[in-house]
Amino acid sequence: MTGKMEITPQMFKPVERDALAAEEIACPSVGYWQDVWLRLKQNKLAMTGLVIIALLALLALVGPHLSAHSYDDQDLQMVNQPPGGGYWFGTDSLGRDLFTRVCYGARISLAIGLLTSVICMVIGVLYGGISGYLGGRVDEIMMRFVEVIYSIPFLLYVILLMVLLEPGLKSIFIALGIVYWQNMARVVRGQVLSLKEQEYIYAARLLGAGTWRILLRHLIPNTMGPIIVSMTLLVPEAIFTEAFLSFLGLGVSAPMASWGVLASDGIQGLRNYPWQLFFPALFISITMLAFNFVGDGLRDALDPRLRR
Amino acid sequence: MKKILLALMVLMAFVLAGCGGDRAKDTADKSSTTQLIRYNVDAEPKTLDPAKSTGLPDGTIELQMLDGLTRYDANQEIKPAIAENWDISEDGLTYTFKLRDAKWSNGDPVTAQDFVYSWLRALAPETASEYAYQFFYIKGAEDYNSGKGKKEDVGLKALDDKTLQVVLNAPAPQFLGLTAFQTYFPVNRKVVEGNPNWFADPKTYVCDGPFKMVSWEHNQKIVMEKNPDYWDAKNVKLQKLEIYLIENLDTSFNMYNNGQLDLMNEINAQELPALQGNKELKILPDASVYFYRFNVTRKPFDDVRVRKALALAIDRKALVESVMKGGQKPAYAFVPFGFKDAGGKDFRENGGDYFQEDLTEAKKLLAEAGYPDGKGFPKATIMFNTQENHQKVAEAIQQMWKKNLGIDVTIQNVEWQVYLDRESKLDYDIARAGWSPDYLDPMSFIDMFVTGGGNNQTGWSNKEYDKLVNEAKSTGDQKIRMTSMHQAEKILMDEMPVTPLFFYTHPVMIKENLKNVIIPPFATYADFKWAYVE
Amino acid sequence: MAQYLLRRVTTIILALWLIITVTFLIMHSIPGGPFASEKKVPDVIKHNLEERYHLNDPLGKQYIDYLNHLVHLDLGPSFKYEYRTVNDIIKEGFPVSATLGSLAIAFSLVVGLLAGVISALRQNHWQDYLAMVLATLSFSVPSFILSGLLMYFFAYKLQLLPPAMWGTWQQAILPTLALAALPTAFIARLMRSSMLEVLQQDYIKTARAKGLSERVIVLRHGVRNAILPVVTYLGFLVTEVLLGSFVVESIFAIPGLGRWFVISILNRDYTVILGVTVFYSAFLMLMNFLVDLAYVAVDPRIKLVDRKDV
């Protein structure tokens, strides 16, 4: 379509200013992200989610300082105490303050969620972007590779990696990153695939922009919406998966524990010390919900079909 | 529209109601006094071939179906089983067993040739039995197993159908006890030769013990019933035995409470405080020790003062009472209670404690070693295999060292196989360990730490110690043996390449109407031969 | 069509080969072998063991042997449960897992779809809120906690249901619920939003205008169109249920393949891990393939083209 037409400066001529002024829109112009924010603000659930996330972050930051106990202070005389004055959330089987431990757990679990989703975004955007943009054979090979990885039961993968890398924060990031990037890659590729057929990309190419420039300046910024949604939804998923690994004894632990580890410790005391399960489980669930609400809200806010 | 909705709601309600269900049937069948015991052994057995089995679950299941030459009774005394009586030559080297008229469950007689065949089978290199070394007391056994010697040269002979003669390398008083151990159980030659997988199928599991296998649902349960052909069948009162193979302790506890189990082998530490005073909770002795290894090839643990300082700064009583909660005993020596000394008294009671917790002394030692108040102490890590209790113990000790000595150590849990691998490669600073004996003699503990011993794994070596162990191993004279072992243990505790933490116990939950279940302190979890339901 | 099928099948084989190779390499680089045990065995015995299982062959030979057996559908013996083959374990464990999985899938489809449709039809009524609150809750609790809670309340507190094991229908209830909770919630939410979207379409208005009964409108025009996203989700559903089975089968002591798999990972049972991984992967790929075909059957707008967008 773009074919053999030759374009010369002579073919263009300045537009009359008045003609433009006549087309002026009465409403104040609203930018894309402003627009998204406006719509997000109307979504009560999403806003609740945002507030909860903010509170959780606050708790992770200042929570440990609110309590008189440190996360690893043991008091073997005060083991398995129920929630009460001295210990807001009670104590665990070594007499450590559960409130402080849950706050530290927030740091670890949130860090796992956020960093994993950032890692996935970086890998996914590069991989999916390149695959989608180049298309053809490269795309096919790259996507088949994703398909192969995807078909391997990921638990085996993660467990093997956790064993290879020694349990710890770093291994969790790597293991989860390796597992979850393909979803992001698919999302990005799908977006790029549909966007690259758009006229403004043809225009950019026509004006001589290189592959990288088109990729970084035009395609990726325009795929940001779905990427952000995926990232938001990946945070709780990573936290969930870490909790799952904790159940198998492969979570982050000692001396600081993630929520998953706290919960799987707590489940053994369920009959006698239910609070040891209740608080970590509560925080996992709240986080799950908050991020999901925000993710859903964002998706709706970004969906052009819902734009009024 | 309303109608559809209504229909949908009804359907949904129906589905949800289905979840409520009616009362579980399993709770109902613990009726009156059927002679049935249901027991959880906590794992699927790796094999039920006695020559190849190693684990406690395997040994426990085999013990119900197989009878060796001897069998331990309720007081942990060795009693005749298939062997009616035996003679030990004066030099302690030749054992002659006289077998009784016993039958296999297929009607064949149990003969001395069966024993010779079974033991040689376990020793054969092609069998690749992990526990073949349990036979290495017998003359020529090690050579045959390693391919250096011939089968015919092993000191084993059937003098006639009912007489078995065994010749040992050196006197070994523990040998008699080993004849009750799983690796020494007999198998039926004809059956085994006809079908190498005979032990995998209840139909072909020919046995000579109190019970025989009826069914085996993998990862679920093994059902046994009384073996009418057993030589001592008149003393077996139990008609049926169900052994469950479930590894999750929480699940097992729920099943016990729900009446699906009569006897629970292991209990989560978190349950124990709430069970205090419960008549069904029994805390039984266990001849095992929980200890930490120091890697003496690494700084600063090459310095005995550091090792001692760390050992003296652990509050073992708090560990036992607040963390383990199962009535364990703080350990101030390496060999647990429950082993007989030369005079018939307890080895541990005679030996006593070899050290005491002492903070001032610990601080002094640490300062002398060049780390006053823990200053400059290198980075060190406690390694343990992933398990709830190990983690708690490590966390508690980490805190004690921090508080008492000013030393910061990190703790690291690793997966079981990795843990074993790193331990044997001496790739650790401090490692958690446990040890339970193979036979009821202190030697099972003492010979671990000889120079280069496979179970040493600390890099520690001491000539005097090696000499004492050798002395004890080369004589049948209990007095000399025991004296040497006491002396060796003292050296071990003075040098402290390992620091004992506590002696295990075996807390079990057992329904009150169960009688005469033997729960021995080592080697197997339980013996149901004499058990019955009241 | 034939070309498309051929392509998919070759992809699957290629993927399987890659999986086998990568898994084989990873397994052999992990410290600790299948025969490590706390009591150290003398070197002779270790040698005998390794000889028996050909562990001291060169890695290349072990690999080729493994592939060779695999072509003959022989996944080899288990190292730990030496009298059993991986084929035995799969033959025994998979039907149990499949039964449990099918129950969970059936439950999540029936309940999830119903709940989704109802809450869409009664949008912003109490039915909608109830269904969505329940869905949201089961969406946010990790399966091991849910399993523990279910067992605690129904088996321990109320003593209504047996806590564990497998065989009777009562024993299937709790694990099915635990396994189905998450997918049910997901399907309910998916169905609800899809249904809401469909109900706003012009053809629904047309149908109304034509005077069709509500039943016909909802069932024939609404549900049939709204169900499409759920069909796409089926592939994930199978994967989800399969992974969930690891936890649920371990907690409820169900002798399925998932529990075997978890146990064999802890045991370092090389051949079982490899065999089960290959089996699972093949199974999942087949399922995804079938789901794609099902999608075509349900949605007339989609035709199988030569290139498949993953």
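In what order do the four strands of the open sheet in chain B run? The order is β4-β5-β7-β6, and the pairing is antiparallel. Before we go further, please keep in mind that this is a predicted model, in which local features need pLDDT of at least 70, side-chain atom pairs count only at pLDDT 80 or more, and totals for chains, interfaces and linings use all residues. Residues are numbered from 1 along each chain as its sequence is written, while chains are lettered from A and ligands numbered from 1 in the order in which they are written.

Let's stay with that sheet. Strands here are DSSP runs of E with at least two residues, helices are runs of H or I with at least four, and both are numbered from the N terminus; two strands pair if DSSP finds at least two bridges between them. At the edges sit β4 (83-88) and β6 (156-160) of chain B, each pairing on one side only. Neighbouring strands are turned by 20° against each other on average, direction ignored, with axes being lines fitted to C-alpha atoms (for helices over the stretch in contact) and angles running from 0 to 180 degrees between N-to-C directions.

Now follow β4(B) to its partner: five bridges join β4(B) to β5 (residues 94-99) of chain B, and the two run antiparallel. Here Ile88(B) stands opposite Tyr95(B) in β5(B). Across β5, β6 and β7 (163-167) of chain B lies helix α3 (residues 112-123), at about 170° to β6(B).

Chain C has twelve helices and zero strands. Of its 310 residues, 44% are buried, that is, with 20 or more other C-beta atoms, placed from the backbone, within 10 Å of their own.

Conventions: Two residues are in contact if their C-beta atoms, placed from the backbone, lie within 7 Å. A residue is buried if 20 or more other C-beta atoms lie within 10 Å of its own, exposed if 12 or fewer, and partly exposed in between; C-beta atoms are placed from the backbone.
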